[in-house]
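The following questions and answers look at charged side chains and their partners.

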Amino acid sequence: MESPAFNEDKFNELFGKVLGDVAGAMGLLMAYIGDQSGVYQALEKNGPCNADDLAKETGLNERYLLEWLSSNTALGYVSYDAANQSFSLTPEQAAIFAHEGAPTCMQGFFQAIVGQYETNETAVEVFKTGRGRAWGEHSNCCFCGTDRFFRPGYVMNLVENWIPTLSGVEDKLKAGATVADIGCGYGSSTILMAETYPNSQFVGYDFHEPSIQAAQAKADTAGLKNISFQVSAAKDIPADSYDLACIFDALHDMGDPIGAAARIKESLKPGGTFMLVEPMAQDKLEDNLNPLSGIFYGFSTVVCVPTSRAQEVGLGLGAQAGEKRLTHVLNQAGFGQVRRATETPTNMVLEAMV
């Protein structure tokens, strides 16, 4: 079969895109360095300044700062006034790079990606051999970055938008209900609900003990008395009677999501609800060809599918499973009623009932 003719215009177009991706990859590293050293916050606080002024403010090396500022300026992350030779952050730049905990801040996303580069040799070995990769094999940056990335979205949406769309759940939580948060990680979702609904009791479960320890420490610091955390795989959660069970961005990481959902069904009281939050995705690959899905597919390649394959069954749903396949999983687990309760640009929220 004759090879297609080389198209120089298409090559130049692709080359330009790849060059932009390379610049972006370097930009994420620069952004991570700025985040970990507090430079963005100092730059916003100080206002327009040169590298020497910023060095005095931060205690960092002036020469390194000048190079870092120059890179950030070339990438559009920092602004530069040539007349005054000063650097500054616009409100928009500050929102993305400096405002920790705000829904606009993307530093958690950057940290999660940097964590994958930190363990790139393991990622390559896993990809080449096809073996599973346990959650605990990842860099701590992965755990911290994942929590930092998802937490602002939960703060913005969980209590205000997602729970109110579930049938009768908000009233139960206000009056006093029992809630299980499965695959809770660092416990950000669990703690947010416990703070909002003090009459209800919350238990967070995760099979990763260091994450549970971190979650319990955060709850203790917050002084919450209506919350506890336990090390447990989803299929091994106690058969307590819950009014609400939740999984946030974690079902697709599980080796046996059908078994996990079946166990959750058994743990619910009559009339109980299972809220499943998963990354936004359409059902067909051709409908997911966009930058966000590209990022999710990438994380799925190095984190989600290997994590699933390291567990019993190893179904490997992936981070872009889509509503149709997720509904099929829930139906197989015994949930007869499944609907999309609401969505955001990054997540879909499914409500499952017996």
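Buried means under 20% relative accessible area, exposed over 50%, and partly exposed in between, with a 1.4 Å probe and protein chains only. This is a predicted model, in which local features need pLDDT of at least 70 and side-chain atom pairs count only at pLDDT 80 or more, while totals for chains, interfaces and linings use all residues. Residues are numbered from 1 along each chain as its sequence is written, and side-chain values use heavy atoms, with hydrogens and water left out.

Q: Is Glu137 buried, partly exposed or exposed?
A: Glu137 meets Arg131 in a salt bridge of 3.1 Å, N to O, the term standing for a side-chain nitrogen of Lys or Arg within 4 Å of a carboxyl oxygen of Asp or Glu. Because its relative accessibility is 35%, Glu137 counts as partly exposed.

Q: Which residue makes a polar contact with the side chain of Glu278?
A: Glu278 is buried yet has no salt bridge, and the nearest side chain of opposite charge, Arg325, is 9.9 Å away; here Lys and Arg count as positive and Asp and Glu as negative, with His and the chain ends not counted. A polar contact is a pair of N or O atoms within 3.5 Å, where within protein one must be able to donate a hydrogen and the other to accept it, and residues adjacent in sequence count only if both atoms are side-chain atoms. At 2.8 Å, the side chain that makes such a contact with Glu278 is that of His252.

Q: How many salt bridges does a search of the whole structure find?
A: One of them joins Arg151 and Asp147 at 2.6 Å, N to O. The search of the whole structure gives a count of 18.
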